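Please look at the sequence and the model side by side.

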Amino acid sequence: MRILSIETSCDETGLSLIETDTNENVTTINVVADMLLSQAMLHAEYGGVYPTLAKREHAKNLGPLLLELLKKANLFIPADTPSVPKEMIGEIKELLEREPELFVYIAMILAQAQKPPIDAIAVTRGPGLEPALWVGVNFARALSKAWSIPIIPINHMEGHVAAALADGSDTTFTITQPKMPALALLISGGHTEFVLTENWREYEKIGSTRDDAVGEAFDKSARLLGLGYPGGPQISRLASEARHAELEQPYSLPRPMLHTNDFDFSFSGLKTAVRNLVAEIGDPDETQKKQIARELEDAITETLVTKTKNAIEHHNVRSLIVSGGVSANTHIRSALEELVAEYEDVALYIPEPSLATDNGRMIAFAAAMQGAEIASISADDLHANGNLSIVES
Ligand code: KG4
Ligand code: ZN
């Protein structure tokens with residue numbers, strides 16, 4: 001089965017094309033082509049993702065990225081005469097009323113190319129920034145109508161799970177069902193949640209953040225320290241320099257909700273504590289910034305590890321799945337690896353860093369992971385939902 005995937009939930013425009021097959025619960029995936037365009041630099045001046053800008057950039061970039069993807073995959077087959085009837089072009093124009101630029105590009109592709117041999121279009125329908133999600137959703141609907149290809153709606157969080165479960169590298173991956181119960185710790189710029197799975201692809205949320213996501217704690221603190229966006233990688237770099245240089249640790253930040261008897265988190269206090277610390281110091285110099293970054297990374301790591309340990313023991317977990325942008329963090333990765341090593345029968349699934357942050361592949365992987373029972377729908381039944389929960393995937 002050949003699947004085209006589309007990801008536009010935040011500030012990365014991701015497209016990919018995979019071939020997949022499932023045999024006796026083992027899904028094999030071959031990544032044929034892959035495109036990823038990050039808008040991070042454009043959002044940097046706002047210190048976070050600016051939804052209207054994200055929407056505009058997705059609309060601008062999806063068309064050219066699709067053309068390049070099809071060419072890379074050798075699926076751009078020139079057509080002598082347009083293969084899509086005029087009335088259909090009119091319908092697509094209406095559908096893309098709010099994305100005129102995208103319409104023009106799609107119309108050009110439809111006029112020049114034959115219908116590519118693609119069996120399904122997997123697209124993120126949520127959660128995420130709703131205006132950004134709609135661009136990807138409408139793009140998928142337009143292609144689905146024009147080429148009569150069914151749609152597989154994907155939950156972005158299940159995409160992160162799929163990225164962690166995918167075993168392999170480069171272009172060849174396999175996904176097998178992990179031992180149950182499986183616990184997913186999903187840590188990104190928009191989410192921080194524990195999801196428990198006792199049966200394959202059935203999810204129960206057992207904890208989440210009560211305020212900011214962990215990625216936000218990194219991003220907002222980085223902003224307070226005058227570092228760029230996204231803040232996670234910047235904080236991580238300074239923290240690691242502080243450890244290497246064995247700098248003193250003069251500051252202490254809170255470990256929010258460390259000892260509460262639940263699997264919830266709270267990270268907004270951490271950002272406030274960083275704000276107060278910066279105000280107290282005045283204008284932190286480079287050394288002080290490194291020291292704060294290290295303390296922040298330590299506080300976040302300790303909180304994540306302690307809560308994960310409690311959840312593993314409380315739910316007799318056999319597989320720990322860690323994913324989302326923050327799982328690219330080297331310090332957090334090794335702390336979780338150490339934690340899992342304490343247990344004889346717990347396996348750790350964590351994506352390579354390039355698959356941890358948002359990308360198009362993870363959406364194709366989530367579709368592939370549905371195996372023989374892929375649930376496809378028609379274009380008219382597809383809607384974006386910014387607040388979609390993984391429980392509804
Ligand atoms: O999953 P993702 O790409 O987008 C969302 O779905 O939110 O996650 C982005 C988040 C940002 O907050 C970014 O600062 C954080 O992941 N992040 C990191 C690292 N790389 C990305 N946080 C800590 N350390 C990193 N190395
Ligand atoms: Zn994400």
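Begin with Ala184, which stands opposite Ile321 in strand 11. The model is a predicted one, in which local features need pLDDT of at least 70 and side-chain atom pairs count only at pLDDT 80 or more, while totals for chains, interfaces and linings use all residues. Residues are numbered from 1 along each chain as its sequence is written, chains are lettered from A and ligands numbered from 1 in the order in which they are written, and side-chain values use heavy atoms, with hydrogens and water left out.

Two strands count as paired if DSSP finds at least two bridges between them. Strand 8 and strand 11 meet this with 5 bridges, in the parallel sense. Strand 8 also pairs with strand 9 (residues 192-197), in the antiparallel sense and over 6 bridges. These two strands form a hairpin with 4 residues between them, and Ile187 has Thr192 as its bridge partner in strand 9.

The next hairpin is made by strand 9 and strand 10, with 6 residues between them; Arg201 in the turn has a positive phi of about 65°. The two strands run antiparallel and are joined by 4 bridges, and Phe194 stands opposite Gly207 in strand 10. Strand 11 (residues 319-323) pairs with strand 12 in the parallel sense over 3 bridges, with Ser319 opposite Ala347.

Put together, 5 strands form an open sheet of mixed pairing, in the order 10-9-8-11-12. Strand 10 (204-208) and strand 12 (347-349) each have a single partner strand, so one side of each is left without a neighbour in the sheet. Direction ignored, neighbouring strands are turned by 20° against each other on average.

What covers the strands? Helix 11 (residues 330-341) lies across strand 8 (182-187), strand 11 and strand 12, and runs at about 160° to strand 12. Such angles run from 0 to 180 degrees between N-to-C directions, with axes fitted as lines to C-alpha atoms, for helices over the stretch in contact; contact means heavy atoms within 4.5 Å.

In a regular strand the side chains alternate between the two faces of the sheet. In strand 8, Ala182, Ala184 and Leu186 on one side and Leu183, Leu185 and Ile187 on the other are all buried. Buried means under 20% relative accessible area, exposed over 50%, and partly exposed in between (1.4 Å probe, protein chains only). Strand 9 is likewise covered on both faces, with 6 of its 6 residues buried.

Now turn to helix 4 (residues 100-112). Its buried residues are Leu102, Phe103, Ile106, Ala107, Ile109 and Leu110. They lie on the same side of helix 4, because they cover an arc of only 165° around the axis, the arc being that of the directions from the helix axis to the C-beta atoms. These residues pack against helix 2 (51-72), helix 3 (86-95) and helix 5 (130-147). On the other side of helix 4, Pro100 and Val104 are exposed.

The zinc ion (ligand 2) has His156 (NE2), His160 (NE2) and Asp358 (OD) as protein donors, lying 2.0 to 2.2 Å from it. Donors are N, O and S atoms within 2.8 Å of the metal (3.2 Å for Na, K and Ca); water is not among the atoms, so sites may look incomplete. His156 lies in helix 6 (residues 156-165) and Asp358 in the loop between helix 12 (353-356) and helix 13 (361-368), so the pair ties together parts that are 202 residues apart in sequence. Both His156 and Asp358 are buried.
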